[in-house]
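Here is a short report on a protein with its ligand.

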Amino acid sequence: MKSASTDTSRISVSAHYTGYIWYKHGLSARGFVTRAGQFANATLAPVNALLRALAGADIDIFLLQRHSVIDHQVKELIEKEGVTQVVELACGLSPRGYRLKQAYPQLRYIEGDLPGMAARKKALLEEVGLVEGHEVRECNILNADGPASIGALLSDLDPTQPTLIITEGLVNYFELDEIREVWSRMASGLKAFPKGWYVTDLYPDFAEHPSYRYVKFAQKLVGLFTRGQWPLHYPSDTAIKEGFQEDGFDDVEVHDPASFYGKLSHLPEVKIQTLVRIIKAGISR
Ligand SMILES: C[S@@+](CC[C@H](N)C(=O)[O-])C[C@H]1O[C@@H](n2cnc3c(N)ncnc32)[C@H](O)[C@@H]1O
């Protein structure tokens, strides 16, 4: 039996919703849609309408902003830094691996998630077409060791190749102390490669931010939906950077989606200030 503290499968429901959003906005294939995702999208439609009226932006926009900027960072790392191996943790029903394998067939792409979600994703990818070099594995980011740990996934990769870990929509489900332990394990695991990077989204605790009330609203909504906490992390971009450096990363970039306005094709622009940051943290041996 799994211990209560590492069984975070209650969070998996959220992947159905985001999976549907990627499909709805043309980023995914029909095979990634689940009934739970369609249901969540319909249920949240009134909330989205209210947010559009009050804030001029809805949940879809906030999700698309993070997804699009993460995609951009990943493509740059593949094209400019020679990344050939990608481990996407907490992959859920995200089509990123499917899309990237079409664009870069030479990539080794490992998707990881908790057992139930990993089995679902594997079956779904087999339906839409699972190609060579693309796998789905069980991985619990909270496991410090063992076959479903981050270390186990990394140890199956080629240690001579530049390697990237991605998480999206994951880190704010954990208290800062807990997720920092995971980040430290990622940093030390990536040291096995000549160059390693970690790319993630992060919702900060910018209390002075003009859109703060919308983040606090999202915090309650996500907490209700996933029956748990959704803590915000770090009060500033500088604090984020210093935190990741303390966790073992050398080069840390903190990106505001607004700095990419007009430059990325799937990046919606809003008048209010953005709520999310994208972190690119690099490490060399
Ligand atoms: C909000 S969903 C994000 C899914 C996907 N990354 C996306 O953006 O569409 C959160 C994901 O985290 C996964 N998850 C929750 N706890 C986890 C853990 N301890 N280890 C690995 N994955 C976990 C869930 O199963 C779910 O797929």
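In this predicted model, the side chain of Trp22 places an N or O atom 2.9 Å from an oxygen atom of the ligand. The side chain of Asp113 also reaches a ligand oxygen, with an N or O atom at 2.6 Å. Ile141 uses its backbone: an N or O atom there lies 3.0 Å from a nitrogen atom of the ligand. The table lists these contacts.

| Residue | Atom in the residue | Atom in the ligand | Distance |
|---|---|---|---|
| Trp22 | side-chain N or O | oxygen | 2.9 Å |
| Asp113 | side-chain N or O | oxygen | 2.6 Å |
| Ile141 | backbone N or O | nitrogen | 3.0 Å |

How much of the ligand does the protein bury? Taken alone, the ligand exposes 590 Å², and the protein buries 99% of that area. The surroundings comprise 22 residues. The closest are Thr8, Ser12, Ala90, Asp113 and Asn140.

Next, the aromatic rings. The structure holds seven aromatic pairs. One of them joins Phe32 and Tyr98: the ring centres are 5.4 Å apart and the planes meet at 55°. Stacked pairs need planes under 30 degrees apart and edge-to-face pairs over 60, so this pair counts as tilted. The two partners come from distant parts of the chain, 66 residues apart. Phe32 sits in the loop between α1 (13-24) and α2 (35-43), while Tyr98 belongs to helix α5 (residues 96-103).

A second pair is formed by Phe244 and Phe249. Their ring centres lie 6.0 Å apart with planes at 50°, so this pair is also tilted. Both residues are buried. Phe244 and Phe249 also belong to a cluster, in which ring pairs link them with Trp183 and Tyr198.

Last, the cysteines. How many disulfides does the whole structure contain? The search finds zero. Cys91 is in no disulfide, and its nearest cysteine sulfur, in Cys139, is 9.5 Å away. Cys91 is buried, at 3% relative accessibility. Cys139 is buried as well, at 6%.

Conventions
Residues are numbered from 1 along each chain as its sequence is written. This is a predicted model: local features need pLDDT of at least 70, side-chain atom pairs count only at pLDDT 80 or more; totals for chains, interfaces and linings use all residues. Side-chain values use heavy atoms; hydrogens and water are left out. Rings of Phe, Tyr and Trp (its six-membered ring) pair if their centres lie within 6.5 Å; planes under 30 degrees apart count as stacked, over 60 as edge-to-face and the rest as tilted. Helices (H or I, at least four residues) and strands (E, at least two) are DSSP runs, numbered from the N terminus. Buried means under 20% relative accessible area, exposed over 50%, partly exposed in between (1.4 Å probe, protein chains only). A disulfide is a pair of cysteine sulfur atoms within 2.5 Å. A residue is near a molecule or strand if one of its heavy atoms lies within 4 Å of it. A polar contact is a pair of N or O atoms within 3.5 Å; within protein, one must be able to donate a hydrogen and the other to accept it, and residues adjacent in sequence count only if both atoms are side-chain atoms. Accessible areas come from the Shrake-Rupley method with a 1.4 Å probe; for residues, only the protein chains shown count as cover.
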